[in-house]
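Subject: Handover of a structure for your review

Dear colleague,

Please find the structure below, passed to you for your review. A short account of the findings follows it.

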Amino acid sequence: MTTPMARALELARAAAEAGEVPVGAVIVNPLTGEIIAEGANRPIAGHDPTAHAEIIAIRDAAERLGNYRLTGLDLYVTLEPCAMCAGAISFARIRRLVFAAVDEKGGAVVHGPKFFEQPTCHWRPEILQEFASAAEAAELLQEFFRSRRK
């Protein structure tokens with residue numbers, strides 16, 4: 001059985017192959033282990049600057065469940081979410097956020113604005129970093145950008 005983060009990494013690799021920044025996300029029901037929804041970055045293909053992996057997964061889960069509140073569900077993502085995605089995670093009431101690689105420039109969870117620590121944030125998920133996958137996720141991103149600088 002594939003773990004949620006392993007599936008998110010597969011989605012990130014697929015995004016890279018499509019020319020998108022390699023980020024993947026899955027939303028899981030922690031009680032059953034079922035993957036409810038998934039997403040991979042596609043702002044270029046979708047002509048949509050908001051088409052981050054997390055946003056796509058959140059939209060898919062909300063549609064499938066018929067509810068904009070995703071209370072009790074966990075989000076696994078290969079990269080520390082940006083401010084936009086952190087806001088969506090909060091609005092969706094995600095129970096737990098698990099991310100792999102940190103993003104010192106664009107991250108908003110443990111870097112930058114630290115979105116969930118702001119007094120204007122009304123919902124804070126439990127936050128975990130999955131260190132076992134961090135190096136692989138970071139290497140996917142580094143290789144993606146390295147290949148574009150040549």
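Two residues are in contact when heavy atoms of each lie within 4.5 Å. Helices (H or I, at least four residues) and strands (E, at least two) are DSSP runs, numbered from the N terminus. The model is predicted, and local features need pLDDT of at least 70, side-chain atom pairs count only at pLDDT 80 or more, and totals for chains, interfaces and linings use all residues. Residues are numbered from 1 along each chain as its sequence is written, while side-chain values use heavy atoms, with hydrogens and water left out.

Helix α5

Helix α5 covers residues 131–149, 19 residues in total, and its first and last C-alpha atoms are 27 Å apart. That is close to the 27 Å expected at 1.5 Å a residue, where the expected span is 1.5 Å times one less than the number of residues. The buried residues of α5 are Ser 133, Ala 134, Ala 137, Leu 140, Leu 141 and Phe 144; buried means under 20% relative accessible area, exposed over 50%, and partly exposed in between (1.4 Å probe, protein chains only). Seen down the helix axis, these buried residues fall within an arc of 140°, so they line one face of α5; the arc is that of the directions from the axis to the C-beta atoms. They pack against α1 (4–17), β3, β4 and β5 (126–129). On the other side of α5, Phe 131, Ala 132, Ala 135 and Arg 149 are exposed.

Asp 74 and Arg 95

Strand β3 (residues 74–79) contains Asp 74, which is buried at a relative accessible area of 2%. Its side chain makes a polar contact of 2.8 Å with the side chain of Arg 95. A polar contact is a pair of N or O atoms within 3.5 Å; within protein, one must be able to donate a hydrogen and the other to accept it, and residues adjacent in sequence count only if both atoms are side-chain atoms. Arg 95 lies in the loop between α4 (83–92) and β4 (96–101) and is partly exposed, at 30%.

Aromatic pairs

How many aromatic pairs does a search of the whole structure find? It finds two. Rings of Phe, Tyr and Trp (its six-membered ring) pair if their centres lie within 6.5 Å, and planes under 30 degrees apart count as stacked, over 60 as edge-to-face and the rest as tilted. The rings of Phe 115 and Phe 116 have centres 5.6 Å apart and planes at 90°, so this pair is edge-to-face. The rings of Phe 144 and Phe 145, with centres 5.1 Å apart and planes at 85°, are also edge-to-face.
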